[in-house]
Amino acid sequence: MGLLDGLLREKIVLVNGGSQGVGAAIARAAVREGAVVAVTGRRTQPGEALVAELASAGGKARFVRADLADAEQARAAVAELVDAYGRIDCLVNSAGLTSRGTLLDTTPELFDAHIAVNLKGPFFAMQAAVADMVARKAPGTIVNIITSSAHGGQPFLAPYVAAKAGLVGLTRNAAHALRWDRIRINGLNIGWTATEGEDATQRAFHGAGDDWREQAAAKLPMGKLGQPEEIADFVVFLLSDRSGVVTGSVIDWDQNVLGGLD
């Protein structure tokens, strides 16, 4: 057990994009803290493998196959959880598309794909989750996994930045709109993180070799990339009552300081 034992005891939690990377780490941490967890993903095998892992450790988990680029599937994933357990208490939007494109070479199709996964999917998942919370007049919590690149990012991340910056605005807008319903909504701007998806991205778009993590870590102030397990613990804290009244915060989880200059 971890240092935050039982923070989500008996909470019903949906982690979108939860079959690998940061999402999977959040699912593991939520189960550890006593939650009943559902994870969504496009691929059945890794999702079911994670659920089997969690179940073998005594956790309560289920996999919901869903493509968050489709708004109806995003809403249906929430509906499946509500049908199964009678409610949803917590939502994490962790699914993300990071394919590259600059302002000059991004096609309308690539732009639309980023908007669909990184903004539209979270929007309609939040809509469905909030509808259940409001209908029950119950409090709830939502955490959106965003990116430090939402502040501007690299030139080759133009459509990604556009979509994720929109998610920053949505997080704050929804938090303000729903504060009287006791629904707290926060975001996490994560920096460069060691995940399976980042490994695939580095190899596909940047010609990285097997030692790219070590090379990257050596260039960072803390000597390491962001760790999914550390991010997951903080997300659990934000989902839990322990984080108190905090809402509308978009927190930079990075080792580069915005505005700092050498």
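Modeller: Strand 1 (residues 12–16) and strand 4 (residues 90–93) pair in the parallel sense, over four bridges. Val15 stands opposite Val92 in strand 4.

Biologist: What makes strand 1 and strand 4 a pair?

Modeller: Two strands pair if DSSP finds at least two bridges between them. Here there are four bridges, so the strands pair. Strands (E, at least two residues) and helices (H or I, at least four) are DSSP runs, numbered from the N terminus.

Biologist: What can you rely on here?

Modeller: This is a predicted model: local features need pLDDT of at least 70, side-chain atom pairs count only at pLDDT 80 or more, and totals for chains, interfaces and linings use all residues. Residues are numbered from 1 along each chain as its sequence is written, and side-chain values use heavy atoms, without hydrogens and water.

Biologist: Which strand runs parallel to strand 4 over four bridges, besides strand 1?

Modeller: Strand 5 (residues 140–145). Val92 stands opposite Val143 there. The chain crosses from strand 4 through helix 4 (residues 108–136) to strand 5, a right-handed β-α-β crossover. Right-handed means the path runs clockwise from the first strand over the helix to the second, with the strands pointing away from the viewer.

Biologist: Why is helix 1 called oblique to helix 8?

Modeller: Helix 1 (residues 21–32) and helix 8 (residues 228–239) pack at about 55°, with axes 8 Å apart. Under 35 degrees is roughly parallel, over 145 roughly antiparallel, 65 to 115 roughly perpendicular, and the rest oblique. Therefore helix 1 is oblique to helix 8.

Terms used: Buried means under 20% relative accessible area, exposed over 50%, partly exposed in between (1.4 Å probe, protein chains only). Axes are lines fitted to C-alpha atoms, for helices over the stretch in contact, and angles run from 0 to 180 degrees between N-to-C directions.
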